[in-house]
Each structure stands twice: as structure tokens, then as C-alpha cells.
Amino acid sequence: MTTTSPRNGVRARGLVRTYGTRRALDGVDLDLGPGVTGLLGRNGAGKTTLLRCLATDLEATDGELSVLGRDPERAAERTEIRRRLGYLPQNPSFYPHFTTFGLLDYMAVLKERGGRRERHDEVRRALRRVDLYDRRHTRLRRLSGGMRQRLGLAAALLGDPHLLLLDEPTIGLDPEQRIRFRDLVSELAVHSTVLLSTHQIEDVAALCRRVLVLDQGRVIFDGTPAALIARARGRVWEQGTRPPRNVTSWRLADGRHRVLVPEGVHNPDSDERVPVEPSLEDAYLLLTGAVPR
Amino acid sequence: MSWHLTHDQLHRYATHTADDVTAMSAEAHLTHCSHCRDRLPTDEAWLERSWADLRDIVDRPRPSPLERLLTALGLREHTATLLAATPTLYRAWLAATVIVLAATLALAHEIPRGTLLFACTAPVVPLVGVALAYGRGVDPAHSLASVTPWAGPRLLLLRTCAVLAPALTLCTIAALLMPAVTTVHETVFWLLPALAMVAGCLALGRWMHLSMAGGVIGGGWLLLLTVCTLLDGTDPLQVFSPLAQAGWATALALLAAVIALRVRTA
């Protein structure tokens, strides 16, 4: 793999990953630098596969990849990448009888973090950052789903990573914790590259200056959230009557219908039909043609 | 407090230059006088280090008995932490091993040629443990651990050591308790096949999941025993004959070389 990325970024060219005959990634081109980039896509679009390739957990079948300026196919460089990488997998699982402190200490050893004192200090810092310090001696089987998710995030934060890959990080977090998570990620993104894969569009809207949309293993949009929203202008309506079945719509709390009209589809005029400013979610749904009636 | 220490007294107390009587008097006074304590010159960096040390002593989890034992045996602290964590992955295997070996031991004392069951089982015990020690599907936290610098052959070999130690110990104890064991060969005849199969599993792990590699090797072992049993006039125990032991040793050496090469190039 000959392509090289900046020392705190990622570069991929024509990245392919197949499972048998299925192409989970089908020629992905990507350049990432410091800041938060949102990764959107339907289930099975290839988001987790892309994150696992970047995290050195999966080898790409074809294409060029450089992570933090190094080639993940070379053993020594892969280890270097892993020293500066934070990865929160989707639905992380743990050893249930470990304590939160014990698990993070174990992960810190695996990440080659210093002597015992320094390591313990780092574990405490990570626990405080995700608001789990008071639970440091609690066994993991006693933690709620949201707490486990925060613990996974704390594990990813060990070692002050230059590249942070987060796969569905806000699943199970309550609104307060999500705000705290956004604050934490924004702070980290000042110097680090953060790739945030999520179905929570509001997290992307709140955090990301850039958004990538994957569909069937390909990047179908790469730009700012504002640019994605701009593509949906004039195609989002609210009306009193249910629209025809060939457009995406859903019933709102007040009984009206929000209607997303894809390009080339005619939405017949109806009474009280008013154009509305699209949200990022509207724009994403229009792009991927999602949400069946 | 109706009186306070002078600047000179505080300075001499802080720099350990006060005589014993003055120092004891100053110390007794400082215990009760917050005003003088606030005026006491302090080394902030030293104070922070001391608090950090104290916090760590009070707050850190107590190492497990196994971790303390490994550290006492001279292992580095982080290696002891990783090794001590491994048994939690294979408690079920360890319990099953004890039960199986106890059962084979009981049968060996009760029925003629009962040692045959132990001979067939013992070489597989370490193999099963190693096959279940690393990888997706058997290690709950593998998705987190697999992207750390320790992931790969280094962690795999460390966990293999953590599995082999109890496995070989238990099998040796069981062999010593077998009926009519008189020679060293009768105690450790299963060892070379066991190590060769573990090495085979580790070598195959380059191309497939470790648990699948364990299945392949275990299946091969069963096939070998079946063939030996079905062949006319062949005793299954021939797989432990001196000639066969030479074969196992050769296989072990070759597989060890393959693993070493893999570690070097991984």
C-alpha cells in the first residue's frame, strides 16, 4: 500500500473489503484529518467494516490505506498505529466479573501505557471523563447498558489517541450523557481525528463539520452537513393529506404529514401544502431513499 | 491560639534545621494552628506527587492472589496483570478439565485397560484450552483487545502459557495417580503429542480462527486413534511408542519454527 496519510489522519484509495462474494466496501476513497466526521448509512452499508479496517481489526481485500501516516499491513507500523488509536466497537462486551477500574487497567496494559502509577492515574482520568469514577469498584455485570457504553468510550480514550473511531457510541446514553459525550468528543477533536459512525443524525448535526454517507459499500456523499441539507431544499413539505405511496412521508404529532419528495418524483398539489426547511435527517433520508411507509 | 510561630521558626522547621525541642514544639503547635500551617512553606510538586502516591495506594484495586504470586515469582507487573486476567477466560474449561481427568482417573482404577481413556484424553486437554483462549467469539472483550499493540501473536503466546501451566500440571498429577505407574515415560508419555497439537493449533491459527484450528487438530487426533484401533493388530497406544514420540518431537520442532517465523513476520 503506497498511499500515505498525514500523521494524524487517514487516507484510503479504492478500499475494498469482501466477505465471500459480498463487497462490504466497494472502492472507498477517503481523506480524514483533525475534527469530527460523521459516518452515516443504512444497516449493512459498510460503516462497521470501514471502521474495522481503519482500526486495523480487518485487512482490506484491495486498495490502498494509510492510517496515521503508516501502513497497517506492516506489522511494526500496525503496532505503531494501535498505540495511537482509540476504537469503540459496536456493542462492546467485557468480562462481567471485572470491575470498571480493573477492566480499564487491563486495557491500559494492552495499550502499553506506562508504569503502574501512571497507568492508574490515566485510568482514573478516563473514568472521570465518562462520569464513571464513582463506579470504579463496581463489577461490570452490575452496570447498565449506558454505563457499559461509557466504559467502552473510556477504554477508547486511554492513551490520548490521535485517531478515535466510534461505532454507534451514543446507543443507550440518556440525553444528559449524550450532551456530555458531545462535549467530550468536540474537545478531543481539536487535535485528533474522530470518525463517528451513527444512526443518531442529531449527533452528527451537533458535532460534525463533515459528513460521509455510505451506501452499499460506496461513499455517496462527502461534504458538510449544510451542503447535504442544501440538496434537500424544495423537496420537503408538510401537508394535511397523506401523499401518494411513491414518496417518503410520516404522520406528525399534529396530524399533518411530513413529505420528502425525491428528485424526479411528482408530489401532487394538495390543500395546505407548505414547503419547510429540511433537517439533516430529511436530507439523509432523501439521499438514501430510506424510510418505507 | 494566642501565639504563632515566627517566620524564622517556621523556616527552620520546614528545612529540618531546628533543634529537637523546637521542632517538637513547632510540630505540636502546627497540629492545632491552621494559621501557621498555611504559612508553612511547601514544595507544591512534592505535595502533588505525595497525594498522587497516596491516592493510588488507597484507591487502586487489590491485585488478585495469582497476580501477587506471579509478581513475587519475578514476572514484570504488566505481564502478571495480563496473565492473571487470562484464567477468567477459561474457568469453564478448567472446571471441565478437572472433571474429565477425575473421571478418567476413576475409570482407570476400575476397569481393565482404563488408562487408555486417559491416554486419549490428556493430549487434547491443553489443546482445548488454547483453542478457547483467544479470538472473536471466545474472548468477550476481543473486539476491544484486538486493536491494541499487544493483540496478535504476543497476546496469543502469553495466553497459551497461561493455559499450558495449569493444563500440564493437572495432566501430570493425573498421570502420577494412574495405576501401576513406575517410570518417567509412563508419567509423561502424553506430553509430546499434547505440545505438538498445541503448536499445530497455533500454526494453523495464521489461516483460520484459533477455535476452528483446535477443532481441526482435535479431529485429526481422533482420526489417528480411530485408524490405529481399526487396523488389525495395531494398539492405539502405539501413537505413544518411542518411534512415534520421535515423530511428535520432530513435528513439535518444525511447528515451533513455523510459529517463531510467524511471530517474527506478523
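This is a predicted model: local features need pLDDT of at least 70, side-chain atom pairs count only at pLDDT 80 or more; totals for chains, interfaces and linings use all residues.

**Chain B, overall build**

I started with chain B and counted its secondary structure: 15 helices and 0 strands. Next I checked how spread out chain B is. Its radius of gyration is 30 Å, well over the 18 Å that the globule rule gives for 266 residues, so I noted chain B as more spread out than a compact globule.

The C-alpha trace of chain B spans about 105 × 45 × 30 Å along its principal axes. I then looked up the domains: chain B is divided into domain 1, residues 7-60, and domain 2, residues 68-265. How far apart are the centres of domain 1 and domain 2 of chain B? I got 59 Å, taken over C-alpha atoms.

Of its 266 residues, 32% count as buried. For contacts in chain B with a separation of 6 or more, residues 24 or more positions apart account for 65%.

**Chain A, the open sheet**

Then I moved to chain A. I found 3 strands forming an open sheet, in the order β2-β1-β4, with antiparallel pairing. β2 (22-32) and β4 (62-67) of chain A are at the edges and have a single partner strand each, so one side of each has no neighbour in the sheet. Neighbouring strands of this sheet are turned by 25° against each other on average, direction ignored.

I followed β1 of chain A, residues 10-19, and it is joined to β4(A) by 5 bridges, running antiparallel. Opposite A:V10 I found A:V67 in β4(A). What lies across β1, β2 and β4 of chain A? Helix α1 of chain A, residues 47-54, does, and it runs at about 60° to β2(A).

**A closer look at A:L30**

I picked A:L30, which sits in strand β2 of chain A. Is A:L30 buried or exposed? I have it as buried, because 20 other C-beta atoms lie within 10 Å, and 20 or more is what the cut-off asks for. Leaving out residues up to four places away in sequence, A:L30 touches A:V10, A:R11 and A:A12. I also checked A:R148, which is 118 residues from A:L30 along the chain; their C-alpha atoms are separated by 31 Å.

β5(A) pairs with strand β6 of chain A, residues 163-167, in the parallel sense over 4 bridges. In that pair, A:Y87 stands opposite A:L165 of β6(A).

For helix α9 of chain A, residues 280-288, I listed the buried residues: A:L280, A:D282, A:A283, A:Y284, A:L285 and A:L286. Just after α9(A) I came to A:G289, which takes a positive phi of about 65°.

**Where A meets B**

Last, the contact between the chains. It takes 31 residues from chain A and 22 residues from chain B. On the chain A side, the elements that give two or more residues are α2 (75-83), β5 (85-88), α3 (100-110) and α4 (116-129). Which of these gives the most? I found that α3(A) does, with 7 residues. By type, the residues on the side of chain A that touches chain B divide into 14 nonpolar, 8 polar and 9 charged.

How values were computed. Residues are numbered from 1 along each chain as its sequence is written. Chains are lettered from A and ligands numbered from 1 in the order in which they are written. The radius of gyration is taken over C-alpha atoms; the globule rule is 2.2 Å times the number of residues to the power 0.38. A residue is buried if 20 or more other C-beta atoms lie within 10 Å of its own, exposed if 12 or fewer, and partly exposed in between; C-beta atoms are placed from the backbone. Two residues are in contact if their C-beta atoms, placed from the backbone, lie within 7 Å. Two strands pair if DSSP finds at least two bridges between them. Axes are lines fitted to C-alpha atoms, for helices over the stretch in contact, and angles run from 0 to 180 degrees between N-to-C directions. Domain bounds come from an automatic or database domain assignment. Ala, Val, Leu, Ile, Met, Phe, Trp, Tyr, Cys and Pro count as nonpolar, Asp, Glu, Lys and Arg as charged, and the others, Gly among them, as polar.
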